[in-house]
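Open the model in your viewer and keep the selection tool ready. Each stop below says what to select and what is there.

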Protein chains: 2
Amino acid sequence: MLVEQNNKVDPAKWPIAPHVLSLETSVINEILKISSRPGVISFAGGLPAPDLFPLADLQEAMDKSVEKYHSDCMQYSLSRGIIPLRQQLATRAVEQGAPTKVDNIIITSGAQQGLEVVARVFIDPGDYILTENPTYLGAMQAFNYYQARYVAIEMDEEGMMVDQVAAKIEKYKPKLIYTVSNFQNPTGITMSLKRRRALIEIAVSYDIPIVDDNPYCQIQFEGEPITTLKALGRDAVIELNTFSKTVAPGLRIGWMNGPERIMPQFEKVKQCTDLHSNTLCQYMIYEYIKAGRFEPHIETIKANYRHKRNIMLGAMRDFFPDEVRRTEPKGGLFLWVELPRQASAKNLLPKAIESKVAYVYGEPFFPNQGGENCLRLNFSNASPEEIVEGIKRLGKLFKENI
Amino acid sequence: MLVEQNNKVDPAKWPIAPHVLSLETSVINEILKISSRPGVISFAGGLPAPDLFPLADLQEAMDKSVEKYHSDCMQYSLSRGIIPLRQQLATRAVEQGAPTKVDNIIITSGAQQGLEVVARVFIDPGDYILTENPTYLGAMQAFNYYQARYVAIEMDEEGMMVDQVAAKIEKYKPKLIYTVSNFQNPTGITMSLKRRRALIEIAVSYDIPIVDDNPYCQIQFEGEPITTLKALGRDAVIELNTFSKTVAPGLRIGWMNGPERIMPQFEKVKQCTDLHSNTLCQYMIYEYIKAGRFEPHIETIKANYRHKRNIMLGAMRDFFPDEVRRTEPKGGLFLWVELPRQASAKNLLPKAIESKVAYVYGEPFFPNQGGENCLRLNFSNASPEEIVEGIKRLGKLFKENI
């Protein structure tokens, strides 16, 4: 009888909510699948260098967590996150110039969940979000479910062109200002101090929260230490952050630093979506930092990625045609390439894959189309030798096809 | 200048999405805060016994994961979850009678995220969900954001009264049938085999997915082995499961077992909300099971909780007034108490706290009101001595107040 019943089951008839059906699968995921083929040198992902993960130190941190907290490190815990880690993050934020208390911090499962939380709390269908143009693709994935629309502000070498923001706010009344202010994904560009101040002034005058998606800030290669939007704007800014680029992404530990009075809303959303983030990994990160392992590790990452960025820029000087432009990021994991205007990075990608090198083309990063002649390159994941060889292959491809 | 600006920042003016604003904080959370006061014997939570967490075996599993998978166990991983764990879960499901492949499984951050995912995929504002009456409070928390309404079907000792379901479906056209079929939270009741078959037949004939929230199934104290809804209904059923009650909740590793063709929708939602679940803990659980540690551990848990249930039922026979009824669950973590009809478990709670004993009163578990004379007791977390003393205190309270 049951087999007969089972033949009648047709999940295709189950009614899917329309805004889920219309969500697109990430283009990057598709490219990542292709670029993981053997022999392909991939600049497509956003993966940190796996050889730098502090495996032994994290094992030590786990042993210490079990020894000190016993079953508490495996039990249900607070939706906002364990207090010692939140206290530690608050103290660190203060040291970086942003007055912060434990009640300003909520632990999330990576910065991606921070995006999900702000979207859910602020966005009604059809609301506008003001972003950079281009902007982070994963943020749009989170925002799209909530049927956000985008006001995308052009960028130059100082970041978002803030002088265009007020007029756009008047016209579109966005609910959020979303920025990746430091070593932006995808362009590698950092917002200038002058622009930061101007953006905060505008946001405050219009009562619009700034969401600063800030995973790369600590991976700074050179220049004056950055003054974050959070340090400048304080309660005007919700900062999203993560240990994914500085410790290990597989632990899925990120955090939000926002005004205390908005935290109960964030907490409710966190609670109904997954109760709380992984207790064990929260304790592990806390013990890892407490043991003094984190600061020297960041220095290691900075030196490694700085070196790889230099290798990539050097190889570009050697192998790219003169008419190809690129950013020269002072930190982070990505740089941005602009081909001559008539070229299509999307159309070139299959040829690149044939030549065993991969990138992400620009269009998916533009909320309202554009970027056909652009592409994003990651310099943290490949080895220096692979970077030289990959850029050489790309240079050949560009010379022959643009 | 910035301080002056900062004085003007008023996050109270930030517009919160109405469906987030209207979400209620969990009543249970408030009760848990009170019941964590020193000296209070708490039957209020749903916490597994912390002294049973297999800490040493999990440390061993972490060491093995690092040794075997190196940086892979700390890196970004697939949104659906790591393949070895999904394969292992599929094999185990087959052993339990449900034909399952790796592509039927998606790893979630606890079963709570499974609830969030099914709600997002299936529920449009105002849609009905058919549930037991009472039902799991955390499920309603996840569903309420999506503005679900509820058709709640009465229960008896065989679970949901399935003979009432077809008429309710005709009238309310629910999008989902949600059940906690085994050792239900909150009542401890298990659906009979006959009712299971009948429910599947109805669900199939109306093309409505059954969501079987099944965290307690493996913690069975006695009786014939359970045939799960998934084993009976196959593609008609989406099963939600978790290691929270059998290994440790702080790891936040759960899973969904559903028809292959619905999985791309679940994957999209998982990806845009938090990319993927904790990679390290997925490998740890996989290695823990592979090392043969899981099955004997479940036997330990069963013996421990069976003993505590017996202690609690015995103490009730000794100390509760005769007119107080209770369920006698054959597994799980909870039992359910019904006071005489005119009594209010909510009004009695402050007196219970004064007597240093805590429970959750019944009303929050009823989607459309009811249950004023009921309360839920957890028997997994307190020690046997605490259970006897706590039930004694409750018995005194009931005798004096009802």
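**Stop 1: a helix pair across the chains**

Select helix 4 (residues 55-69) of chain A and helix 4 (residues 55-69) of chain B. They pack at an angle of about 180°, with their axes 11 Å apart. Axes here are lines fitted to C-alpha atoms, for helices over the stretch in contact, and angles run from 0 to 180 degrees between N-to-C directions. Angles over 145 degrees count as roughly antiparallel, so helix 4 of chain A and helix 4 of chain B are roughly antiparallel to each other. Helices are DSSP runs of H or I with at least four residues, strands are runs of E with at least two, and both are numbered from the N terminus.

Now show side chains. L55(A), Q59(A), M62(A), D63(A) and V66(A) meet L55(B), Q59(B), M62(B), D63(B) and V66(B). Ala, Val, Leu, Ile, Met, Phe, Trp, Tyr, Cys and Pro count as nonpolar, Asp, Glu, Lys and Arg as charged, and the others, Gly among them, as polar.

This is a predicted model: local features need pLDDT of at least 70, side-chain atom pairs count only at pLDDT 80 or more, and totals for chains, interfaces and linings use all residues. Residues are numbered from 1 along each chain as its sequence is written, while chains are lettered from A and ligands numbered from 1 in the order in which they are written.

**Stop 2: the whole interface**

The contact takes 77 residues from chain A and 77 residues from chain B. Contact means that C-beta atoms, placed from the backbone, lie within 7 Å. On the side of chain B that touches chain A, the elements giving two or more residues include helix 1 (2-8), helix 6 (110-122) and helix 12 (279-290) of chain B. That side divides into 39 nonpolar, 21 polar and 17 charged residues.

**Stop 3: two domains in chain A**

Colour domain 1 (2-53 + 296-401) and domain 2 (55-290) of chain A. The bounds come from an automatic or database domain assignment. Their centres, taken over C-alpha atoms, are 23 Å apart. At the boundary, 31 residues of domain 1 are in contact with 32 residues of domain 2. Helix 13 of chain A gives the most to the domain 1 side, with six residues.

**Stop 4: the sheets of chain A**

Select the open sheet of eight strands, order 2-9-8-7-6-3-4-5, with mixed pairing. Two strands pair if DSSP finds at least two bridges between them. Strand 3 (residues 128-133) and strand 6 (residues 176-179) of chain A pair in the parallel sense over two bridges. Select I129(A); its bridge partner in strand 6 is L176(A).

Finish at the open sheet of four strands, order 10-11-14-13, with antiparallel pairing. Strand 10 (325-326) and strand 13 (360-361) of chain A stand at the edges. In strand 11 of chain A, V337(A) stands opposite R326(A).

Terms used
Angles under 35 degrees count as roughly parallel, over 145 as roughly antiparallel, 65 to 115 as roughly perpendicular and the rest as oblique. Two residues are in contact if their C-beta atoms, placed from the backbone, lie within 7 Å.
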